[in-house]
Amino acid sequence: MKHCSPTPSSPTRLRHSDVARRAVWAVLLCTGLAHAHEDDHNGPPLQPGWRVGGGVALAVVAAQDAWPVARHEGVLLTGQTARDRRNELSLEHATVGAAARFTPWLAAQFSLGMHDRDQAHVEVARVEANGQAWGQLWRLRAGRQSPSLGGVVDGAGHFDNFAQAPLAKQAVFNETWIDDGLTLQWRRAEERGLQALEAGVWRARAFPGGPHGPIAPSLKATGVWDHWTGHLFGAWLQPQGRGAAAVGLGTVGHTHGVPDCHQTVANLACFDGQAQVFGASLSSGSEDERWAYSAAGLWRRERGALYSQTGTATYEGDTTGLWADVSLRWRPDLTVAVRAERLASQHTVNGPGASLVAATAGLTAAPTVHRLALALGSTLFEPVALWLEAGAEQASGASAQPYVVLRAVWQAPQWLQGRF
């Protein structure tokens, strides 16, 4: 547990009530800061100071079929296709960032990220204010960031036990939703029951938003019951002119940009309407921290108009994904983990030229996809870990696609640090 010292008293003499009030305030603030970052270990320092850190994950993949799958059929995203990374040493993900806490109440954070051969992008550029009001703990964050869905969802995909982001995150968020926004969190000091509520507003220019449309609200609730932690999340977006490259015409690689149908609809499938995203997760573990269990689900519900050069149609789409993880720390330096996943989509496209619009968007079929993976990780030396993963992905009606991945992961969120 991190230690947090009470606020030092001023040279002037304080009454006992003042001392007690300041001591209680300091303990509550420190407790709030510690809990605020329990699912964000890359956040600013808990005490005034600075840190510089980063992470790199490298992978070598052996598989008969393209890995990762270039594009999941029946999933409406932006039309990008993943580059085949078989039989080569590739960059899975890399980050570098810095954070500082200037006072107990004010902090800032910045980080860059990069996937494979894609261009680097800003993942975090925000300021943070912490404090107490009306006897409650509050945290305000403003700037570029990802909406927090809780530790299970936020931590899955980059530098975790497995080489790929869960199918649900790939299909619902195009892997990661990074946007400009403002969040306000309320947190209780109690360790049982409802622990936190967080409300956010987002510019909604990144997927699942679009290049046009109003700001999007979000809400997250966190509850704790003994060794169990649960999160509920919801976001309500109204993208306008959100494009997806026509099947076979998407760029290779991964970006967080969205094609703009207000500029052109050529070779695009375009969506105007409502996009609602909901998520839930539950996690626990043994008291000795050897066992850990978690499960999560995501749902993107869209209603509106889908159109292209070939016609216009009304559209109803539901994309849902589930995954469950179990991990065992066999020895202090050896971990075994298993992940099971399921992804399903349903689409209804009606109107003139509906079949042509659906074909442009790649929605003529929507097979259910399953993935099962087993990973064995060993800590060579802190903070470097070596992971060997074997798994298979299968779409309904198709043969399984097995793969083996060897990964080297370096994580040092507090590589360099100091105090002010």
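In this predicted model, aspartate 160 sits in the loop that runs between helix 2 and helix 3. Its relative accessible area is 12%, so the residue counts as buried. A polar atom of the aspartate 160 side chain lies 3.0 Å from the backbone nitrogen of phenylalanine 162. Beyond four places in sequence, aspartate 160 touches Gly155, Arg339 and Arg407.

Histidine 262 is partly exposed, at a relative accessible area of 49%. The side chains of histidine 262 and histidine 212 are joined by a polar contact of 3.2 Å. His212 is one of the residues that histidine 262 touches outside its sequence neighbourhood of four places; Gln240 and Gly241 are the others.

The largest nonpolar core comprises 20 residues. Phe173, Trp177, Leu237, Leu298 and Trp323 have the most contacts inside it. Two or more residues of this core come from each of helix 2 (151–154), helix 3 (167–173), strand 9 (228–237), strand 11 (268–285) and strand 12 (291–308). Another core, of 16 residues, lies apart from it and includes Ala57, Val61, Trp67 and Val409.

Tryptophan 177 has contacts beyond four places in sequence with Gln145, Ser146, Pro147, Trp202, Ala206, Phe207, Pro208, Phe233, Ala235 and Leu237. Phe173, Trp177 and Trp202 form one aromatic cluster.

Aromatic pairs number 9 in total. In one of them, tryptophan 67 and tyrosine 403 have ring centres 5.7 Å apart and planes at 50 degrees, so the pair is tilted. Tryptophan 67 belongs to the loop between strand 1 (49–63) and strand 2 (89–101), and tyrosine 403 to strand 17 (residues 401–419). The pair therefore ties together parts that are 336 residues apart in sequence. Both residues, tryptophan 67 and tyrosine 403, are buried.

Tryptophan 236 and phenylalanine 278 form an edge-to-face pair. Their centres are 5.9 Å apart, with 80 degrees between the planes. Tryptophan 236 lies in strand 9 and phenylalanine 278 in strand 11, so that distant parts of the chain, 42 residues apart, are linked. Tryptophan 236 is partly exposed, with a relative accessible area of 36%. Phenylalanine 278 is likewise partly exposed, at 25%.

Notes. Residues are numbered from 1 along each chain as its sequence is written. This is a predicted model: local features need pLDDT of at least 70, side-chain atom pairs count only at pLDDT 80 or more; totals for chains, interfaces and linings use all residues. Side-chain values use heavy atoms; hydrogens and water are left out. A nonpolar core is a set of buried Ala, Val, Leu, Ile, Met, Phe, Trp, Tyr and Cys residues joined through side-chain atoms within 4.5 Å. Buried means under 20% relative accessible area, exposed over 50%, partly exposed in between (1.4 Å probe, protein chains only). Helices (H or I, at least four residues) and strands (E, at least two) are DSSP runs, numbered from the N terminus. Contact means heavy atoms within 4.5 Å. A polar contact is a pair of N or O atoms within 3.5 Å; within protein, one must be able to donate a hydrogen and the other to accept it, and residues adjacent in sequence count only if both atoms are side-chain atoms. Rings of Phe, Tyr and Trp (its six-membered ring) pair if their centres lie within 6.5 Å; planes under 30 degrees apart count as stacked, over 60 as edge-to-face and the rest as tilted.
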